[in-house]
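Colleague: Could you take me through one part of this model close up? I'd like to hear how the pieces there sit against each other.

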Amino acid sequence: MTKKIGFLGLGHMGGPMAANLVAAGYDVHAFDPVRAAQDKARADGATVVAEASAAATDRDLVITMLPNGKLVLDLYAELLPVANPGTLFIDCSTIDVADAKAAAELAVAAGHRALDAPVSGGVAGAAAGTLTFMVGGAEADFADGLAVLEVMGGKVVHCGGSGVGQAAKICNNMLLGISMIGLSEALVLGEKLGLSHQSFFDVVSTASGQSWALTSYCPVPGPVPTSPANNDYRPGFATALMTKDLGLAANALAANGVDGALGALAAQIYARFNQENAGLDFSAIVTEVRNRSNQVGAE
Ligand code: NAD
């Protein structure tokens, strides 16, 4: 029998994810406080409900796609008491590992089941149904949610117990943030030393400094024509989102006593860049490294 789904948070990501569930034939009761998001979901074929709690009433599965952990926890306090016993709550938001674990504990304490299932793949992946889901929670709950996640995603990985999906997400993005800054520093040093971007690419892309940041997402125009650098750094993956994820990673480093000097520094560097460049793709950090280097050189 097709599952009845509640979906809360119909923004850039949640809107198209919910639309894909409707298109796959699921009965979706959707809620978002923003009128435009409601209208779009209605046009996509979802049943838009007037209150958050109505989206969790008489559902088999409740999906949330929200901006932060506080909203997830606040909403769970509203939703858990009205849901049928044993409802599977799947939070797809990117939030603190500690908040994800707390949300799952609340759900289980209320007689329900829970998965954390953050995504990568961005708005394009959400629209195309090709997201990667990183899932934390019990094996049986993962098995129960898999078919629904596969409608929205191209790849669904069970990473471990509660909170471990979020762990996979922030570990990956911390490494990406660090490697984009490192690559930018190397590129700008190369510029100062007379090394062209293309020569840098031709050597490093097949040498030991190779990275996804260089070969798929090169932060300077030219070597990788599809990268946001060729499009005035239109995202892609916005600096605001990278800054958020690095903040979550920095919290987790501190909370777990990890000597993560580079992760913490990357969070600071992106937080500073984010103040005036939140809407640019995160690879635009190369322009910050270049500008600040020129300031130093001029002193
Ligand atoms: P968004 O701001 O576009 O959407 C969030 C939606 O939640 C908004 O429509 C907002 O009105 C709604 N909302 C707020 N309070 C609510 C409530 N109480 N009940 C129901 N809805 C409520 O954000 P987004 O870009 O869709 O991102 C959502 C999550 O996905 C974030 O955690 C983000 O970090 C993560 N994420 C985003 C991307 C991306 O490229 N945008 C990629 C990967 C992960």
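Predicted model: local features only at pLDDT ≥ 70, side-chain atom pairs only at ≥ 80, totals over all residues.

Modeller: Helix α1 (residues 14–23) packs with helix α6 (residues 139–152) at an angle of about 115 degrees, and their axes are 8 Å apart. That angle makes α1 roughly perpendicular to α6. As for handedness, the crossing of α1 and α6 is right-handed. On the α1 side you'll find Met17, Asn20 and Leu21, which meet Val148, Val151 and Met152 in α6. Sorted by class, that contact has five nonpolar residues, one polar and no charged ones.

Now for the rings. Searching the whole structure turns up five aromatic pairs. Take phenylalanine 237 and phenylalanine 282: their ring centres are 5.8 Å apart and their planes are at 75 degrees, so this pair is edge-to-face. Phenylalanine 237 lies in the loop between α9 (212–215) and α10 (239–255), while phenylalanine 282 is in the loop between α11 (261–277) and α12 (285–298), so the pair ties together parts 45 residues apart in sequence.

Phenylalanine 282 also forms an aromatic pair with tyrosine 270, and this one is tilted, with 6.4 Å centre to centre and 40 degrees between the planes. Here tyrosine 270 comes from helix α11 and phenylalanine 282 from the loop between α11 and α12, twelve residues apart. Both tyrosine 270 and phenylalanine 282 are buried, and phenylalanine 282 has a relative accessible area of 1%.

Conventions:
Residues numbered from 1 in each chain as written. Heavy atoms only, no water. Axes fitted to C-alpha atoms, helices over the stretch in contact; angles between N-to-C directions. Helix = DSSP H or I, 4+ residues; strand = E, 2+ residues; numbered from the N terminus. Parallel < 35°, antiparallel > 145°, perpendicular 65-115°, else oblique. Left-handed = near helix turned anticlockwise from the far one by under 90°. Contact = heavy atoms within 4.5 Å. Nonpolar A, V, L, I, M, F, W, Y, C, P; charged D, E, K, R; others polar. Phe/Tyr/Trp six-rings, centres within 6.5 Å; stacked < 30°, edge-to-face > 60°. Buried < 20%, exposed > 50% of the residue type's maximum accessible area, 1.4 Å probe, protein only.
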